[in-house]
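Trainee: I'm new to this one, and I'd like to learn where the labels come from. Can we go through it together?
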Amino acid sequence: MKTHTNSNNSATRADTSRAAGMPAFLTQKEAAELLRISQRTLERYRLDGIGPKFISARRRILYSLDELVDWTRANTFQSTSEANYRDC
């Protein structure tokens with residue numbers, strides 16, 4: 001099956017997320033819920049530099065839905081032998 005590649009993939013994903021009723025940016029709580037991890041784990045990932053990219057808007061941390069999707073895809077494996085596990 002051939003997949004169509006869109007040169008403006010980010011805009012397309014953002015449009016799709018908004019059409020699905022999801023905001024383009026999520027709070028730490030919303031991002032943690034989406035990833036099914038605790039807020040503390042997401043915070044630790046951020047501090048260790050191993051989590052999804054984030055936006056610091058003054059004192060508020062926001063996550064782009066597109067960045068969360070990209071990070072999830074980059075950390076998706078078919079077998080445990082593929083994964084590069086880190087001690088947290």
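Trainee: Which residues does Tyr63 touch, not counting residues up to four places away in sequence?

Mentor: Tyr63 touches Ala24, Phe25, Leu26, Thr27, Gln28, Ala31, Leu42, Arg46, Pro52, Lys53, Phe54 and Leu68. Contact here means heavy atoms within 4.5 Å. Before we go on, some ground rules: this is a predicted model, where local features need pLDDT of at least 70, side-chain atom pairs count only at pLDDT 80 or more, and totals for chains, interfaces and linings use all residues. Residues are numbered from 1 along each chain as its sequence is written, and side-chain values use heavy atoms, with hydrogens and water left out.

Trainee: Got it. What elements does the protein chain have, and in what order do they run from the N terminus?

Mentor: There are 4 helices and 3 strands, running α-β-α-α-β-β-α. Both kinds are DSSP runs numbered from the N terminus: helices are H or I with at least four residues, strands are E with at least two.

Trainee: Why is H2 called roughly perpendicular to H3?

Mentor: Helix H2 (residues 28-35) and helix H3 (residues 39-48) pack at about 100 degrees, with their axes 9 Å apart. Axes are lines fitted to C-alpha atoms, for helices over the stretch in contact, and angles run from 0 to 180 degrees between N-to-C directions. Under 35 degrees is roughly parallel, over 145 roughly antiparallel, 65 to 115 roughly perpendicular, and the rest oblique. So H2 counts as roughly perpendicular to H3.

Trainee: Which residues make that contact?

Mentor: From H2 it's Gln28, Lys29, Ala31, Ala32 and Leu35, and from H3 it's Gln39, Leu42, Glu43 and Arg46. They divide into 4 nonpolar, 2 polar and 3 charged. Nonpolar covers Ala, Val, Leu, Ile, Met, Phe, Trp, Tyr, Cys and Pro; charged covers Asp, Glu, Lys and Arg; the others, Gly among them, are polar.

Trainee: Gln28 sits in helix H2. Why is Gln28 called buried?

Mentor: Buried means under 20% relative accessible area, exposed over 50%, and partly exposed in between (1.4 Å probe, protein chains only). Gln28 has 13% relative accessibility, so Gln28 counts as buried. Among the residues that Gln28 touches are Ile61 and Tyr63.

Trainee: What makes up the largest nonpolar core?

Mentor: The core has 11 residues: Leu26, Ala31, Ala32, Leu35, Leu42, Tyr45, Ile61, Tyr63, Leu65, Leu68 and Trp71. A nonpolar core is a set of buried Ala, Val, Leu, Ile, Met, Phe, Trp, Tyr and Cys residues joined through side-chain atoms within 4.5 Å.

Trainee: How do you know that Arg40 and Glu43 meet in a salt bridge?

Mentor: Their side chains come to 3.4 Å, N to O. The rule asks for a side-chain nitrogen of Lys or Arg within 4 Å of a carboxyl oxygen of Asp or Glu. The structure holds 1 salt bridge. Arg40 and Glu43 both lie in helix H3, 3 residues apart, about one turn of the helix.

Trainee: Are Arg40 and Glu43 buried, exposed or in between, and what makes them so?

Mentor: Arg40 has a relative accessible area of 49%, so Arg40 is partly exposed. Glu43, at 28%, is partly exposed too.

Trainee: And what makes Arg58 exposed?

Mentor: Arg58 has a relative accessible area of 84%, so Arg58 is exposed. Arg58 lies in the loop between strand S2 (55-57) and S3, and has a positive phi of about 60 degrees although it is not a glycine.
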